[in-house]
Amino acid sequence: MKYMLLINAGELDTENAPVGCEPEDWMRFDKEITDSGVVVASESLADLVTATRVQVANDGKRTVTDGPFAETREVLGGFYVIDVPDLDVALDWAAKCPGSRAGGSVVVRPVADF
């Protein structure tokens, strides 16, 4: 079964580096999850300031807003799509992800199969 791990970064504090969330931790996790053979796709997203939001009103009028525009402290930083036997295994991978530390979180969602 496929699951998407949506990685939401916590608050960035350059003076107090988040424990377990340094670049080396990300490289180690990425190697482990990739080497395990469960990764279907993964990407890191560019900085929030490069984002553009598109909304279309009921009358068809399009509104385009350049970022940053998040009204939350969490920022979607990237994702993994993994193919694992069940939700428990997906949750295990989410817990290993450095993005689940330092105020961040990993949202696990099943990928719909139509």
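Biologist: What do aspartate 35 and lysine 31 form?

Modeller: They form a salt bridge, with the closest N and O atoms 2.5 Å apart. The two are four residues apart in helix H1, which means about one helical turn separates them.

Biologist: How many salt bridges does the count come to?

Modeller: Three. Another one has the side chains of aspartate 25 and arginine 28 meeting at 2.6 Å, N to O. Those two also both lie in helix H1, three residues apart, about one turn of the helix.

Biologist: Is aspartate 25 buried or exposed?

Modeller: Aspartate 25 counts as buried, because its relative accessibility is 15% and the cut-off for buried is under 20%. Arginine 28 is exposed, with a relative accessible area of 52%.

Biologist: And which side chain does lysine 96 meet in a salt bridge?

Modeller: That of glutamate 32, at 3.1 Å, N to O. This pair links distant parts of the chain, since lysine 96 sits in helix H2 and glutamate 32 in helix H1, 64 residues apart.

Biologist: How accessible is each of those two? Start with lysine 96, then glutamate 32.

Modeller: Lysine 96 has a relative accessible area of 38%, so it is partly exposed. Glutamate 32 is partly exposed too, with a value of 38%.

Biologist: OK, zooming out. Which order do the elements run in from the N terminus?

Modeller: β-α-β-β-β-β-α-β. That makes two helices and six strands.

Biologist: How confident is the predictor, on average?

Modeller: The mean pLDDT of the protein is 86, and 84% of the residues reach 70 or more. Where pLDDT is low, the predicted coordinates should not be read in detail.

Biologist: Where among the elements is confidence lowest, and where is it highest?

Modeller: Lowest in strand S3, residues 52-56, at a mean of 86. Highest in helix H2, residues 87-96, at 96.

Biologist: Let's switch to aromatics. How many aromatic pairs does the structure hold?

Modeller: Two. In one, the ring centres of phenylalanine 29 and tyrosine 80 are 5.5 Å apart and the planes are at 90°, so the pair is edge-to-face. It links distant parts of the chain: phenylalanine 29 is in helix H1 (residues 23-35) and tyrosine 80 in strand S5 (residues 75-83), 51 residues apart.

Biologist: Why do you call phenylalanine 29 buried?

Modeller: Because phenylalanine 29 has a relative accessibility of 3%. Tyrosine 80 is buried as well, at 5%.

Biologist: And how far apart are the ring centres of phenylalanine 29 and tryptophan 93?

Modeller: The centres are 6.2 Å apart and the planes are at 65°, so that pair is edge-to-face. Here phenylalanine 29 in helix H1 is linked with tryptophan 93 in helix H2, 64 residues apart. Tryptophan 93 is buried, with a relative accessible area of 10%.

Biologist: Which residues form the aromatic cluster, then?

Modeller: Phe29, Tyr80 and Trp93 form one cluster.

Biologist: What about threonine 34, where does that lie?

Modeller: In helix H1. At 41% relative accessibility, threonine 34 counts as partly exposed.

Biologist: Last one: what share of the contacts with a separation of 6 or more comes from residues 24 or more positions apart?

Modeller: That share is 75%.

Notes:
Residues are numbered from 1 along each chain as its sequence is written. This is a predicted model: local features need pLDDT of at least 70, side-chain atom pairs count only at pLDDT 80 or more; totals for chains, interfaces and linings use all residues. Side-chain values use heavy atoms; hydrogens and water are left out. pLDDT is the predictor's confidence in each residue, from 0 to 100. Contact means heavy atoms within 4.5 Å. Rings of Phe, Tyr and Trp (its six-membered ring) pair if their centres lie within 6.5 Å; planes under 30 degrees apart count as stacked, over 60 as edge-to-face and the rest as tilted. Buried means under 20% relative accessible area, exposed over 50%, partly exposed in between (1.4 Å probe, protein chains only). A salt bridge is a side-chain nitrogen of Lys or Arg within 4 Å of a carboxyl oxygen of Asp or Glu.
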